[in-house]
Amino acid sequence: GNAETVKNLQARLSAASSALTKAKKVVSNREHKFVAKKLMHEVEEMMSSMESEVKAAETASAPLLEKGGEEFLVAASLRTLAVALQSYSKEKGLDLEGLFQEA
């Protein structure tokens with residue numbers, strides 16, 4: 001009768017619940033693997049981007065770091081001298097030849 005039907009339904013419900021739990025574990029594991037692969041891909045892209053930025057920084061800082069920064073210091077001194085000479089020649093109203101004559 002009814003008790004037998006309820007008992008059978010409870011057994012089926014228990015089996016279905018057990019199967020659902022197993023399926024959730026499988027899905028969860030696959031989801032974790034998918035997320036991990038996606039994160040690894042993103043990290044690889046970030047590393048690639050960072051490597052190019054590091055190379056750009058190395059190239060930009062090379063004049064400061066190589067040969068004790070000598071080339072950088074000479075270039076900076078030349079720029080400072082050029083600005084000072086331009087300012088002086090403008091102040092005195094001198095052209096390039098007049099500037100050389102004063103020197």
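Before anything else I noted what I call a polar contact: a pair of N or O atoms within 3.5 Å, where within protein one must be able to donate a hydrogen and the other to accept it, and residues adjacent in sequence count only if both atoms are side-chain atoms.

Ground rules. I am working with a predicted model, in which local features need pLDDT of at least 70 and side-chain atom pairs count only at pLDDT 80 or more, while totals for chains, interfaces and linings use all residues. Residues are numbered from 1 along each chain as its sequence is written, and side-chain values use heavy atoms, with hydrogens and water left out.

Entry on serine 89. I applied the contact rule here: the serine 89 side chain comes to 3.0 Å from the backbone oxygen of glutamine 86. Serine 89 sits in helix 2. For helices I take DSSP runs of H or I with at least four residues, for strands runs of E with at least two, numbered from the N terminus. Is serine 89 buried or exposed? It counts as buried, because its relative accessibility is 13%; the cut-offs are under 20% for buried, over 50% for exposed and partly exposed in between, with a 1.4 Å probe and protein chains only.

Entry on the fold. I found 3 helices and 0 strands in the protein chain, in the order α-α-α along the sequence. Helix 2 has 23 residues and spans 33 Å from its first C-alpha to its last, close to the expected 33 Å at 1.5 Å a residue; the expectation is 1.5 Å times one less than the number of residues. Just after helix 2, I noted a positive phi of about 70° at glycine 93.

Entry on overall shape. How does the radius of gyration stand against a compact globule of 103 residues? The globule would have one near 13 Å, but the protein chain has 38 Å; I take the radius over C-alpha atoms, and the globule rule is 2.2 Å times the number of residues to the power 0.38. Along the principal axes, the C-alpha atoms fill a box of roughly 125 × 30 × 15 Å. Of the 103 residues, 5% count as buried. The accessible surface is about 9,400 Å², with 62% of it belonging to carbon and sulfur atoms; areas come from the Shrake-Rupley method with a 1.4 Å probe, and for residues only the protein chains shown count as cover.

Entry on distances. Phenylalanine 100 is in helix 3, residues 96-102, and is exposed because its relative accessible area is 62%. Its C-alpha lies 114 Å from that of threonine 5, 95 residues away along the chain. Glutamate 45 is in helix 1 and partly exposed at 46%; its C-alpha is 36 Å from that of glutamate 70, 25 residues apart in the chain.

Entry on the nonpolar patch. Which residues make the nonpolar surface patch of about 400 Å²? They are Leu64, Leu65, Phe72 and Leu73. Helix 1 (2-65) and helix 2 (70-92) each give two or more residues to the patch. Leucine 64 lies in helix 1 and is partly exposed, with a relative accessible area of 45%. Patch residues need over 30% relative accessible area and no salt bridge, with like charges joined within 9 Å and nonpolar side chains (Val, Leu, Ile, Met, Phe, Trp, Tyr) within 5 Å. A salt bridge is a side-chain nitrogen of Lys or Arg within 4 Å of a carboxyl oxygen of Asp or Glu.
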